[in-house]
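Have the sequence and the model open as you read.

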Amino acid sequence: MPRITVTVDGIRHEAEVEPRLLLVHLLRDRLGKTGTPIGCDTSNCGSCTVMLDGLTAKSCSVLAVQADGCDIVTVEGLADGNRWHPMQTAFHEEHALQCGYCTPGMIMAAIDLLKENPDPSDEAIRDGLEGNLCRCTGYCNIVRAVRRGAQAMGETKTGEAKEVTTP
Ligand code: FES
Ligand code: FES
């Protein structure tokens with residue numbers, strides 16, 4: 001079986017993987033990164049979104065062998081110790097989730113869209129999150145959260161959490 005090396009949330013891992021193994025299964029089943037959910041397995045919902053070498057990717061649409069040598073960030077890698085990333089805090093404060101199934105992917109996609117546009121309009125936020133589906137919220141609070149997260153990330157410049165402590 002192919003042997004791959006991936007860095008996930010700052011930790012380097014080596015693994016022997018079947019060529020057909022999906023990245024999301026490597027993350028969840030082999031590396032214990034269950035914060036990345038599987039919502040559809042057909043590349044539609046976006047709940048499995050992670051950062052792959054700095055770009056968002058739906059990890060159910062990537063083979064683990066394709067991620068060999070890559071740096072992967074999951075939602076579990078965003079917090080700084082017990083301090084949430086500003087976008088995580090914004091989702092919490094704006095009540096931007098109900099079941100929470102879509103939330104990890106939404107947060108990863110939101111952070112990614114702010115790289116291109118740090119001060120997006122509501123329309124740009126909706127466009128940027130079009131690959132991520134939520135069946136619960138109706139999206140209004142999600143858009144508000146991304147706006148709030150953008151503002152907080154702009155204030156901290158680096159996007160790192162400075163003030164807010166995980167409850
Ligand atoms: S589980 Fe990957 S897009 Fe739905
Ligand atoms: S909060 Fe349930 S799918 Fe988005």
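## The sheet

Two strands pair if DSSP finds at least two bridges between them. Strands here are DSSP runs (E, at least two residues) and helices are too (H or I, at least four), numbered from the N terminus. This is a predicted model, so local features need pLDDT of at least 70 and side-chain atom pairs count only at pLDDT 80 or more, while totals for chains, interfaces and linings use all residues. Residues are numbered from 1 along each chain as its sequence is written, and side-chain values use heavy atoms, with hydrogens and water left out.

On that basis, 5 strands make an open sheet with mixed pairing, running β2-β1-β5-β3-β4. β2 (11–16) and β4 (55–58) sit at the edges with a single partner strand each, so one side of each has no neighbour in the sheet. Strand β1 (residues 3–8) pairs with β2 in the antiparallel sense over 6 bridges; Arg 3, for one, has Glu 16 in β2 as its bridge partner.

## How α2 meets α3

Helix α2 (residues 86–93) packs against helix α3 (residues 103–116) at about 125°, axes 10 Å apart (axes are lines fitted to C-alpha atoms, for helices over the stretch in contact, and angles run from 0 to 180 degrees between N-to-C directions).

Where do they touch? Met 87, Gln 88 and Phe 91 in α2 meet Thr 103, Met 106, Ile 107, Ala 110, Ile 111 and Leu 114 in α3, contact being heavy atoms within 4.5 Å.

How values were computed: Chains are lettered from A and ligands numbered from 1 in the order in which they are written.
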